Each structure stands twice: as C-alpha cells, then as structure tokens.
Amino acid sequence: MLNGCLWQEDPRTELERIREEGVLRVGTLNNQLSYYIGNEGPTGLDYELAHRFADKLGVKLEMKAMFTLSGLFPNLNRGDVDILAAGLTMTDERLAHFRAAPAYYYASQKVVYKKGQWRPRSVEDLAENKGSLAVVSGSSHEKTLQALKQEHPTLEWQSLEEIDSDELLRQVAIGELDYTLADSVDIALNQRILPDVTTALELTEDEPIAWFVNQNSDDSLYALLIEFFGEIQQNGELAKLEEKYLGHVDKFDYVDTRAFLRAVEGKLPKWEGLFKQYANEFDWRLIAALSYQESHWNPRAVSPTGVRGMMMLTLPTARSVGVKNRLDPEQSIRGGTEYLRKMINRIPDSIEEHEKVWFALASYNVGFGHLMDARRLTLSQGGNADAWSDVKQRLPLLRQRKYYKQTRYGYARGDEALHYVENIRRYYQSIIGYEQAHSQEPQLDDIELIDGLHTITPSTEVLALQLPDGEEIIPSDATAPNKTASN
C-alpha cells in the first residue's frame, strides 16, 4: 500500500523520471548478438540500438546484462530496468503482461540436431522421444512445445532455467543433448563455431523480435520507442545495423567452416602476435580473417597469377608499401595492413566509417571503377549508394549484359567480389565467436556484478570504438577472386 501511495504521489512520467535521473537502464542478455564486451568495449545489435535511444533521450546508458533468460522479465516487472532489449520474440503470454516496441527483425523457430545423427523430419517423429530434447525455461521455444503437445500428447522435453540457448546448441554439437529449439538467427550465428549443429525441421513461420517495456498507464516511454524505431527504419540506420550484425549469416558452408576452425586452433596462435602488432587502428581479427581468405595463413602461398605470401600481395603492391620479401610473414602482414589503409582512404567520405572497409574490400577484388559502377547502378534503381546492404545486391548484376552495358567500365565478376567480402566477414565473426567460447569473462574496471546482473555503464565515447564494425579492414592485395570459399 505504501509503495502504491508513493507511486501516486510521483507526478513524473516515465520519460521525465529517466531524464531527471540521467540514466536509461536496459536489461539484456550476454551473447554475441545482443550485447557483449569486445576487445574495444561493449558491442552488439541491441547495445548499439540502446545507445542510440539513450542519445535520443540525452541520458547515460546503463546495460544490465544477464546470462540466462529467467531473470529478464522479473527485473522489468520490479522496475529494476526500464527496457528489455535482448532479441525477445513477441508471444501472446508476454504481450498479455508487457508492451512490445515495433519489431526490428524476424526469426523462425527450428529444431536442431547434430549432423550425422538421426534426424526427426516431423513433429510426429519428435514425439516418438527417440532422444533427449531440452529448451530454456520461460522461452518462446517452451511455449511452442506446450502448444504442440496439445496435438501430440507423447511429446516430452526438459525445461532448464540456469542455461541459455547458445549453451544448449553447444551441448547438441558435442553430443550431450540430441535436440533443442533455437531461433533461425541464433542457429546461423552459432554455426560459425559449431558447424555440426544443423536444422531438422522448422516449427514456426518468421516471428517478430522486439524490445519490451512495462505495461502501465504511462505511455511516454512506449510512445517514444515507437517514434524511435520509426525514425531508424525510415532513415536507414536499422538496415545498416542489421547488415552489420546479420548480413553475413545467410550462407553456411560446412566443409569450409570445419577447415577454418581447425586453422583457428592449429595455425592462428602462431601468427596472432603479428596480426596484433601491425593491426594498429584496425581490429586484428579482421586482418586475420582477410589473411585467411587470401592464403589460409600459409606464409609461402603462391597463386598462378603471381600473388604470394600471407596477404597474397602482387609485386607492384608490395613495392608500394615497402615490402621487399613477400614470403616473409611479418613484412607481408605489415604491408597488407598498410595497403588496406590506402584502399579505405579512396572510399568516398559519404560512406559511413564502419562500412568503408566492405567497399574497400570489394574495390580491391573487382576494381575501384567497377565498384563505382555498382554504386551508380544502385542509385539508378532507387537504392542507397552509400549503404553496403544495397550495393552488394547490385555487384552480381555486373555480370549481366543488360546491366553492364549501362556502366562506365563494363563487365565484371561482381558476384565473386561479393563472396570475397562476405567470406571475410564470416571468418571475422567466427574468430570473435571462437574467442568468446574459449575465454573467460573480461575483467574491466567499469563492469560489476550486482544481484546477478552484469552491469556496464559505457562512456559517451564508447560507440566510436565499437567492435564488429568500427573496425576497418581490407585486404592486402590478392587479385585472385577465384580463391573465395565455395559458399
């Protein structure tokens, strides 16, 4: 009763309270998509969106990350956080108790199993209970199974609390669990480090993923969220962030991924020090990903076209960056990084800094003139010539006569340039995921555990240091587009 009286006496709206306190408290999950601490600070799709929303409010952002789903909605219900931003599916049960902001991406629910094991091809097969099935307690996956049990009463599973979906996928990959349910996006991301996880069947259509706020009589915060998502949808910011975090996950090559992970374990440790030494302003893992695309981390690699070394430099390129011996790994990595810097400097300033690297990589592979043709083609078709998500759709058109005859530089193997760039992005994300899976939680001064919450208060400068995209990387020199992986 006392709490109720105090609430009634507070004349402030939710927005007024947040602005006066100067802090937006956001509940999230600690994983590779929503939020995690990278080498250069916090990053993740939900983190970047939350940072933008906090900027719109003119307040500091406080991320309160949990490691399991079970604590999220109780924390929101108690008022410990203002918003939940954690890749949460809109379910009828959640909508009955909380308000959902506009959807910012969609995902379907799938049953996954380990490649090579028995595959259930229908819910009827799953209901035969030939193997162990587990999901996260309180998740949308549990609700889906509960609905299916109405028609398939023999269906059995375990609902686990102190665990997350990524851990269940790992258990499937190593054979400790036969099946689990996961969202399509999470499966695609985890396959970069767990290639043995594969889809058995799809249980739902694409479902909306959204942020949640408390359901109360005050509409101020909810209304501003609707306005915020409308703005970033209209101005293209949302599309750019989705491209940044999800644009590389649409294709998966099992054989290539297995080979890459073996190289990460067996070869990368030998060269990691050099990548870190010469990366300078770039993320060393992107330089490493570029080098793998070029030479598979073979310092003596040589192609029929005359490029060679860790970064597969041409002779003219090597001379331009002061490399005397292309087969010397240290010289090659140093020279390749310098060449990357030069390529990025050629990219127009109208393109955002964090996307320049993808344009630079494509330019290196297909040629600067052909890249400009793709940008002009994008513009003529009503797209955004400064957005990689739009331009990459036009690169393959440079092979088709009806399109390249309209261009300044003519025919080009734009599809190979696209594969080249996207392969590097996938390798890069795989290294990040591998590091997360094999390292301890970082110890940073501005992180503390409070009541089970992983809390960080980033400074206003942090966003400029962001990981997966504030890193600019591009190739040394490898005019060997035929070396792209077989995706």
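**Exercise 1. Find the residue in β10 that stands opposite A134.**

Solution. A134 faces Q158 in β10. This is a predicted model, where local features need pLDDT of at least 70, side-chain atom pairs count only at pLDDT 80 or more, and totals for chains, interfaces and linings use all residues. Residues are numbered from 1 along each chain as its sequence is written, and side-chain values use heavy atoms, with hydrogens and water left out.

Next, look at the strands. Strands (E, at least two residues) and helices (H or I, at least four) are DSSP runs, numbered from the N terminus. β9 covers residues 133–136, and it pairs with β10 in the parallel sense over three bridges. Two strands pair if DSSP finds at least two bridges between them.

**Exercise 2. Work out which strands stand at the edges of the five-stranded sheet, and why one side of each lacks a neighbour.**

Solution. Step one: write the order. The open sheet runs β10-β9-β11-β8-β12, with mixed pairing. Step two: read the ends. β10 (158–160) and β12 (197–202) each have a single partner strand, so one side of each has no neighbour in the sheet. From one strand to the next, it averages 40°. Angles run from 0 to 180 degrees between N-to-C directions, and axes are lines fitted to C-alpha atoms, for helices over the stretch in contact.

**Exercise 3. Decide whether D283 is buried or exposed, then find its side-chain partner.**

Solution. Start with the location. D283 sits in the loop between α13 (268–279) and α14 (284–295). Its relative accessibility is 2%, so D283 counts as buried. Buried means under 20% relative accessible area, exposed over 50%, and partly exposed in between (1.4 Å probe, protein chains only). Now the partner. The side chain of D283 makes a polar contact with the side chain of Y428, at 3.0 Å. A polar contact is a pair of N or O atoms within 3.5 Å; within protein, one must be able to donate a hydrogen and the other to accept it, and residues adjacent in sequence count only if both atoms are side-chain atoms.
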